[in-house]
Amino acid sequence: MAEPPVEPIKYVDALVRLPYHYVAGDCRARYLRALKDKKILGARCSQTGKVFVPPLVNSPESLAPTDELVEIADRGVVTTFCIVNIPVIGRALELPYVVASIALDGADISIHALVQECKPDEVRMGMRVEAVWKPDGEREGSHEDILHFRPTGEPDMPRDAFLNRL
Amino acid sequence: MSEFPPLHQEVVLEFPYKHSTGPVIGRFLAGLKEQKRIWGQRVRGQGVVVPPLGYSEVDGSAGEEWVEVQPTGTVTAVAVVHEPIEGLHPFTTSFAFVLVRLDGADTALAHVVKDDLARLRVGARVEAVWAPDDERQGTIRDIACFRVVAS
Amino acid sequence: MSRLRNVAVVAFAQAPVVARDEHRMATEMLYPQVRRALADCGVERSAIDYQVAGSADYIDGRPFGFVGALEVMGSWPPTQDLHLEMDAAFAAHYAWIRMQAGDCDTALVCGHGKVSEGEPRRILNLELDPYYQAPIGLDPLATAALQASAFMARTGTTDRRLAEIAARNRAAGARNPDVQVRSSASADELARTPWAVEPLRTGYVPPLGESAVALILAAEGKAERMCDRPAWIHGTDQRIELQTLGARDLSRSPSARLAAERALAMAGATSAADVDLVELSAATPVEELILCEALGIDADRSSPALNPSGGPLVGHPLMMTGLIRLGEAFRQLAGRAGDHAVAGARRAIAHATNGHCLQQNLFWVLGTERRWT
């Protein structure tokens, strides 16, 4: 034989397995721990007064520090949303479900959350919603302490109230 | 912001990959698995390259003819691992990484030596130890390791 | 050599290297360094035309994690930005090239990443090809040991010699407040440390550590307003070698030799030995010897001063060790090197590397005066 076999081995399998040991950083650690007490924290920009949630150490816009922590309400308004019809690996959510950008009262940017306890086609921009928390004793200080948001039944907010917080 | 008890999270990222080999790497690996033979490729600017990539790393030209090399060779570098890392290194007790210039090759093959580490040094003569017939899968570890034959 | 634009390093801010910062994420470590570099120059962020960073998502354990740094670099209003998955020194090289092209006059260069969050020996195994080299489990300490073995076999360099080089770097590090290892150690002590991967002892290799760095480059016309003693770039070049370890002569660095020659030629300098100090990204004493050989410097002579900062042995935050070498050269030329200053330093060489076994090498030649007038 003057050459190796004609048929090649087609693939080399490689399982990349990398363990990581993350640190949340004090800023995010305080935010997560406050969720256990049903508190949502934001941080205020020392230059513009804009409130970011979750809190950051500085404003990405002004580059100024955001040292002041403020409490944000656990209710707010749906700014924009989508209805998901396809399953996601690793999550067992009943289809279809709604993911919304929610501008909490007191915050200048939105967070993302599920909106449930209503039909998907009832969700609309401007709809008032409130957080549904895990019961006392079950909250651990993680994002999962908020189960989802649900409509409050209050009248919708006018567009001007949230258009710059989409 | 005042110092605060740290919050940690342990996460393992896992990505399974199937790397396509191509006609040269794939045939070299088939040669290990099916023939227990080690094939090099003559390549411009490098001579006989083992293991072959299919192209010259010097000028990018396509590799030329296949050239068989011997399973014996000379060690050009030795690194002894006394505390292997689980899940990364191929053994759980002391072993060595080596570069071996096989007889007939112009480049050195990176591989491992398990036994006889006291006799292992630059210049030692080694030979390939094949994995058993039913364990060879078409990977570089179809050569299970090298063993020292003269020091 | 045609006339190029005079560009200088005008600021350098570094977080002290620590084993693990328990209170800040990587970008949170970077933020104060960005603010400090801007403050040192007396400018607002709006004075910076271009921003570029070096980091590695695999170090961070976050796919596209590098995007997080945009928040702390001042990316609004929308700015020109680039990121390299390389030591941040290469990001500085890229910014220098953009300045030569006239695209920008000032640049912010950042290095970030927390080595403590991942396991670098597993991660950097993935820098090797997945067919032949990665599957046998080679990690960067093992490949450095292979290079050490090849070098010691060719040159007859002894374990004792490595201990002496490590001891010299430890003594220098004891005078540098920004390094991780702040105690000196004798060659005897270091030669008694156990093997990390033989023939490299634990005393000859850096501990794992992390930092965050920000460095500002500015072209002539702006540099003088941002720094009282800018460190002018006289020459720079970078070269890369083959990927396959066994296809290289690991005992030598032809890419370092060529990059140094080109950088020195651009600088109008005849020899690396003519500068006052050299900062090398040498993670082991063998790498230092290989680089000195490539530079044509006798590592035994007292001039030029080698790694007056202590070098990577005393602080090696991955993805920014090379930028720190450039920053240390700046500190020396700008008279800001404190207790580890090389008296009267007027010219310096700084080096960065990437890949296993010094596969890719970048050199800077800097001076207190402009290169082109």
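Guide: A:Ala43 stands opposite A:Leu69 in β4(A). This is a predicted model, in which local features need pLDDT of at least 70 and side-chain atom pairs count only at pLDDT 80 or more, while totals for chains, interfaces and linings use all residues. Residues are numbered from 1 along each chain as its sequence is written, and chains are lettered from A and ligands numbered from 1 in the order in which they are written.

Visitor: What makes β2 (residues 40-44) of chain A and β4(A) paired strands?

Guide: Strands are DSSP runs of E of at least two residues, and helices are runs of H or I of at least four, numbered from the N terminus. Two strands pair if DSSP finds at least two bridges between them. Here 5 bridges join β2(A) to β4(A), and the two run antiparallel, so the term applies.

Visitor: Why are β3 (51-52) and β4 (68-72) of chain A called edge strands?

Guide: The open sheet has 3 strands in the order β3-β2-β4 (chain A), with antiparallel pairing. Each of β3(A) and β4(A) pairs on one side only.

Visitor: How do you know that chain B is in contact with chain A?

Guide: Contact requires C-beta atoms, placed from the backbone, within 7 Å. By that criterion 34 residues of chain B are in contact with 27 residues of chain A. β1(B) gives the most to that side of chain B, with 13 residues. β1 (residues 11-23) of chain A and β1(B) also pair in the antiparallel sense, over 13 bridges; A:Val12 stands opposite B:His19 there.

Visitor: What makes strand β7 (residues 109-113) of chain B mostly covered?

Guide: A residue is buried if 20 or more other C-beta atoms lie within 10 Å of its own, exposed if 12 or fewer, and partly exposed in between. In β7(B), 5 of its 5 residues are buried. B:Leu109, B:His111 and B:Val113 lie on one side, and B:Ala110 and B:Val112 on the other.

Visitor: Why are the buried residues of α10(C) said to line one face of the helix?

Guide: They are C:Ser255, C:Ala256, C:Ala259, C:Ala260, C:Ala263, C:Leu264 and C:Ala267. Seen down the axis of α10(C), they fall within an arc of 155°, so they line one face; the arc is that of the directions from the helix axis to the C-beta atoms. These residues pack against β8 (231-240), α11 (285-295) and β12 (360-367) of chain C.

How values were computed
Contact = placed C-beta atoms within 7 Å.
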